Amino acid sequence: MSAEPTGSDREGAGRRQIRCITCSDDGRWMRVLEVDVRRALALCVDADGADETVDTGIVAAVAPGDSLLVHAGTALQRRETQ
Amino acid sequence: MRFVHEFRDGELGRAVATELPALLAPGRSYKLMEVCGGHTHAIYRYGIEQLLPAGLELVHGPGCPVCVLPMGRVDDGVRVARQSGVILTCFGDMMRVPGSLGSLLEAKALGADVRTVYSPLDALRIARENPEREVVFFAIGFETTAPSTALTLKRAREERIANFSCLCNHVLIEPPLRALLDSPDLQLDGFVGPGHVATVIGARPFAFVPREYGKPIVVSGFEPLDVLQSIQMLLVQLAAGRCEVETQYRRVVSWEGNQRALAAMEEVFSPREHFEWRGLGSIARSALRISDAYAEHDAERRFVLPGVEIADPRECQCGEVLRGIIKPWECRVFGTACTPERAIGACMVSPEGACAAYYSFGRHARERAAV
């Protein structure tokens, strides 16, 4: 199992891979910080404080504070702010 | 973190485990298959097998897309990476998967420009920043990852990023499940179904498992309590003589799936007539290719690739592990010639491969039990 950071040089830098991203269990809940509605993108942050730009093209309109289940840079599921 | 920590409560896990023995019929043994590599990883990482009663065995299925990718497809990636002017991008786990021409990591060491990314969006950004280079994304994964690739190709078209293409290795979950169920080698009592695949396709597509094969399936989440509860739900069904699709992972999975994701996949991909699976052989309509509508972003049309089938190394028993015929530690090279640092087979490369998961987490518990 890889213990070295395997992210790109900009996005997700410093994250340590303890699970495989290509299968399903890398789905992570992330909180939305900012939304770019026109481009269907959102800046999100995970529980460890790592931020990532996420494609929101297949979930309903998102808003800051929503939780997104993110897999491979794409939001698969949304939960509204509570 | 909500939706995570509450599903890792050890006391609750042990409480669920104490209820399992009463669900087993005396003298009967049970075999349940967890389809997804993510479940295999969770089972070993959290020691779930050690909580299970005697007579209940978990069989690890073929749901790790890195592990089932045949060597010939890795070779195709290496051939593309070696071409002048190309930047090949892929997820980190693909880097070390051995092909007959070596791995992508070895190609990089020999001078090819191979870069790891966390998402297809990263790959598209690299293409945007390097318009003079050909940027190829080595796409891999089940229906969970395919929407991400589809959305990125749609974005590439909208932004007219002409130097971006995709070497598509996306696979589908239903055909290999059918192949396993048709196999006389394997007698299973039920399935722990893949939760995040079902987030995309819904729980409905798994209805063929009870309807046509008479086996229950419970679509499960990936935290330890999710997996334990799914096992419990399967045993309750078996004890009651029921045989249904149930969803344990209701906080995420719907019956119909994500229609927007399915529409994006329908637009960008077409089914392949056949696709080779490591350990399972050629399975009809089990994988996706780039559709004709997106041909300009299809690396298989942009580059000349032989696409030949390459046999696995003779000493490697990944195929039998992937079919659940042998356990990882029963492979003749497990932990000796084949380790995560120097893998012979793909099951030892991906963290979700049964061999790597067992090597990293399970073998120590087994050694303790032996003592």
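Predicted model: local features only at pLDDT ≥ 70, side-chain atom pairs only at ≥ 80, totals over all residues.
## Confidence in the model

For the complex it gives an ipTM of 0.81 and a pTM of 0.87. Chain B has a mean pLDDT of 90, with 96% of its residues at 70 or more.

## Chain B as a whole

Chain B contains 15 helices and 13 strands. Its radius of gyration is 21 Å, close to the 21 Å that the globule rule gives for 371 residues, so chain B is as compact as a globular protein of that length. Along the principal axes, its C-alpha atoms fill a box of roughly 65 × 45 × 40 Å.

Of the 371 residues in chain B, 54% count as buried. If you look at contacts between residues at least 6 apart in sequence, 76% of them join residues at least 24 apart.

## Three domains

Chain B is divided into domain 1 (5-63 + 174-247), domain 2 (68-171 + 287-302) and domain 3 (318-370). The centres of domain 1 and domain 2 of chain B, taken over C-alpha atoms, are separated by 33 Å. Each of these two domains gives five residues to the contact between them.

On the domain 1 side, helix 9 (residues 195-201) of chain B provides the largest share, four residues. By type, the residues on that side are four nonpolar, one polar and no charged.

## A helix with a buried face

## Two positive phi angles

Most residues other than glycine have a negative phi. A:Ala40, however, has a positive phi, near 55°. A:Ala40 sits in the loop between strand 1 (28-36) and strand 2 (41-45) of chain A, and counts as partly exposed because it has 19 C-beta neighbours inside 10 Å.

In chain B, the phi of B:Arg160 is also positive, near 55°. B:Arg160 is found in the loop between helix 7 (146-158) and strand 6 (164-170) of chain B. With 6 other C-beta atoms within 10 Å, B:Arg160 is exposed.

Technical notes:
Residues numbered from 1 in each chain as written. Chains lettered and ligands numbered in written order. pLDDT = per-residue confidence, 0-100. Rg over C-alpha atoms; globule rule 2.2 N^0.38 Å. Buried ≥ 20, exposed ≤ 12 C-beta atoms within 10 Å, placed from the backbone. Contact = placed C-beta atoms within 7 Å. Domains from an automatic or database assignment. Nonpolar A, V, L, I, M, F, W, Y, C, P; charged D, E, K, R; others polar.
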